[in-house]
Amino acid sequence: MVTQVARAIGLKLGLPKLLGRKEDEVAEIAKVLAGMMLVGVEKRARCIHYDPSTGLCRFLRIAYPLPWMSVDKDGDEYRIRVSKHPEICSVCPFWKPIDGDEE
Ligand code: SF4
């Protein structure tokens with residue numbers, strides 16, 4: 001199942017063409033990304049900085065938007081719509097659990 005999801009993600013991103021690698025190597029990369037996304041979804045759901053009504057992170061801001069990233073302009077900066085990018089939450093050092101959600 002994870003392999004199928006990983007392959008689907010890799011193919012959706014056009015990784016085989018982009019990277020010019022064999023499908024198995026791309027599937028391995030996509031598996032890592034799939035794992036990051038699963039972890040990110042869980043972290044995001046338990047983070048006090050996540051605003052589920054907008055899908056935005058209230059803490060992280062970036063100076064320049066990346067073309068493939070969903071963001072919301074906030075003054076001179078951009079907020080990341082982490083509802084569409086759980087991989088950001090998976091590696092985020094600013095994650096702060098909702099009170100009482102620590103184990
Ligand atoms: S984990 Fe990081 S990026 Fe995700 S909502 Fe929390 S502070 Fe924002």
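Begin with the sheet: three strands make an open, antiparallel sheet in the order S3-S5-S4. Strands here are DSSP E runs of at least two residues, and helices are H or I runs of at least four, numbered from the N terminus. Two strands pair if DSSP finds at least two bridges between them. At the edges sit S3 (61-62) and S4 (71-74), each pairing on one side only.

A word before you zoom in: this is a predicted model, where local features need pLDDT of at least 70 and side-chain atom pairs count only at pLDDT 80 or more, while totals for chains, interfaces and linings use all residues. Residues are numbered from 1 along each chain as its sequence is written.

Now select 71-74 together with S5 (residues 77-80). S4 and S5 run antiparallel to each other, with four bridges. Asp72 has Arg79 as its bridge partner, and Asp74 has Glu77. Two residues lie between the strands of this hairpin, and Gly75 there takes a positive phi near 70 degrees.

Next, pick helix H3, residues 23-45. Its 23 residues reach 32 Å from first C-alpha to last, close to the 33 Å expected at 1.5 Å a residue (the expected span is 1.5 Å times one less than the number of residues). Colour its buried residues: Val26, Ala27, Ala30, Ala34, Gly40 and Arg44. Buried means 20 or more other C-beta atoms within 10 Å of the residue's own, with C-beta atoms placed from the backbone; exposed means 12 or fewer, and partly exposed is in between.

Why does Cys89 count as buried? Because 27 C-beta neighbours lie inside 10 Å. Leaving out residues up to four places away in sequence, Cys89 touches Gly40, Lys43, Arg44, Cys47, Val82 and Trp95 (contact means C-beta atoms, placed from the backbone, within 7 Å). With that same exclusion, Cys47 touches Cys89, Trp95, Lys96 and Pro97.

Last stop: select Cys47, Tyr50, Leu56, Cys57, Ile80, Val82 and Cys89, the seven residues of the largest nonpolar core. Such a core is a set of buried Ala, Val, Leu, Ile, Met, Phe, Trp, Tyr and Cys residues joined through C-beta atoms within 7 Å.

Note on methods
Two residues are in contact if their C-beta atoms, placed from the backbone, lie within 7 Å.
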